[in-house]
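Please open the structure in your viewer and keep the selection tool at hand.

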Amino acid sequence: MKDFKHPKFPTIHIKLLNSTEDLTQLESLLKTDAQAVSGYVPQESSKDSKYMYGIFDNDQLIGIIDLIEEYPTKQGAYIHQFFLADDYNRDNLAEMLYSALEKTVQETGIMSLTIDDTLANTTFWNEQGYDKSTTKSIA
């Protein structure tokens with residue numbers, strides 16, 4: 001994902017999660033086994049198409065975006081997890097992060113985004129255009 005820079009959130013940045021320290025922070029943030037999220041890859045997909053982006057405030061993990069490209073369709077991407085700590089659900093940060101994600105995947109040729117069923121039917125996702133379906137065209 002491209003660098004996330006916004007004057008309202010100068011300390012927020014995004015990077016791929018891959019170190020043991022990142023996974024330890026992920027486990028603490030989600031209060032569950034980090035392997036359940038980090039190891040999730042649909043059977044029809046491969047680990048090479050999975051990207052776990054950590055959302056950080058300075059060095060503290062405050063959220064994740066778990067994205068799988070070329071799933072469930074070619075030129076599609078699947079958002080398995082999109083989580084932001086409660087303390088950061090303000091000032092439209094989640095909306096700005098989603099917008100940055102959408103722009104990034106469009107630049108890679110992705111034509112649609114599908115959200116996990118557990119994310120659907122919430123105000124946030126409805127406002128992002130997923131009000132009638134878990135799939136949205138972004139072309």
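**First stop: D66 and its surroundings**

Select D66 together with V37, K50, Y51, M52, Y78, I79, H80 and Q81: D66 touches each of these residues, leaving aside residues up to four places away in sequence. D66 itself belongs to strand β3, which comprises residues 60–69. Is D66 buried or exposed? Its relative accessible area is 0%, so D66 counts as buried. Now display the side chains of D66 and K50; they make a polar contact at 2.7 Å.

**Colouring by confidence**

Before continuing, note that this is a predicted model. The mean value for the protein is 91, and 98% of the residues reach 70 or more. Which elements have the lowest and the highest mean pLDDT? The lowest, 84, belongs to helix α2 (residues 34–38), and the highest, 96, to strand β5 (residues 112–115). Where pLDDT is low, the predicted coordinates should not be read in detail.

**Helix α1**

Select residues 20–30, which form helix α1. The buried residues here are D22, Q25, L26, L29 and L30. Because these residues cover an arc of only 120° around the axis, they lie on the same side of α1. Turn the view to the face pointing away from that buried side: it carries the exposed residues T20, E21, T24 and S28. Then move to K31, which follows α1 and has a positive phi, near 55°.

In soluble globular proteins, nonpolar side chains tend to be buried together. In this model the largest nonpolar core has 42 residues. Select F4, I79, F82, L93, L113 and W125, the residues with the most contacts inside this core. Which element supplies the largest share of the core? That element is α3, with 8 residues.

Select α3 next, residues 93–107. Why does a span of 21 Å agree with its length? At 1.5 Å a residue, the 15 residues of α3 should span 21 Å, and the end C-alpha atoms are 21 Å apart. The buried residues of α3 are L93, A94, M96, L97, Y98, A100, L101, E102, T104 and V105. Centre the view on L93, which touches F4, F9, I12, I62, L84 and Y88, again not counting residues up to four places away in sequence. Just after α3, G109 takes a positive phi of about 95°.

**Backbone details in the loops**

Most residues other than glycine have a negative phi, and most peptide bonds are trans. The final stops should be read against that background.

- Select Y71 and P72: the peptide bond from Y71 to P72 is cis, with omega near 0°. P72 is located in the loop between β3 and β4.
- Select Q75, also placed in the loop between β3 and β4. Its phi is positive, near 65°. Q75 is partly exposed, with a relative accessible area of 42%.
- Select N121, in the loop between β5 and α4 (123–127). Phi of N121 is positive as well, near 60°. With a relative accessible area of 67%, N121 is exposed.

Conventions
Residues are numbered from 1 along each chain as its sequence is written. This is a predicted model: local features need pLDDT of at least 70, side-chain atom pairs count only at pLDDT 80 or more; totals for chains, interfaces and linings use all residues. Side-chain values use heavy atoms; hydrogens and water are left out. Helices (H or I, at least four residues) and strands (E, at least two) are DSSP runs, numbered from the N terminus. The expected span of a helix is 1.5 Å times one less than its number of residues. Buried means under 20% relative accessible area, exposed over 50%, partly exposed in between (1.4 Å probe, protein chains only). A polar contact is a pair of N or O atoms within 3.5 Å; within protein, one must be able to donate a hydrogen and the other to accept it, and residues adjacent in sequence count only if both atoms are side-chain atoms. Contact means heavy atoms within 4.5 Å. pLDDT is the predictor's confidence in each residue, from 0 to 100. A nonpolar core is a set of buried Ala, Val, Leu, Ile, Met, Phe, Trp, Tyr and Cys residues joined through side-chain atoms within 4.5 Å. The arc is that of the directions from the helix axis to the C-beta atoms.
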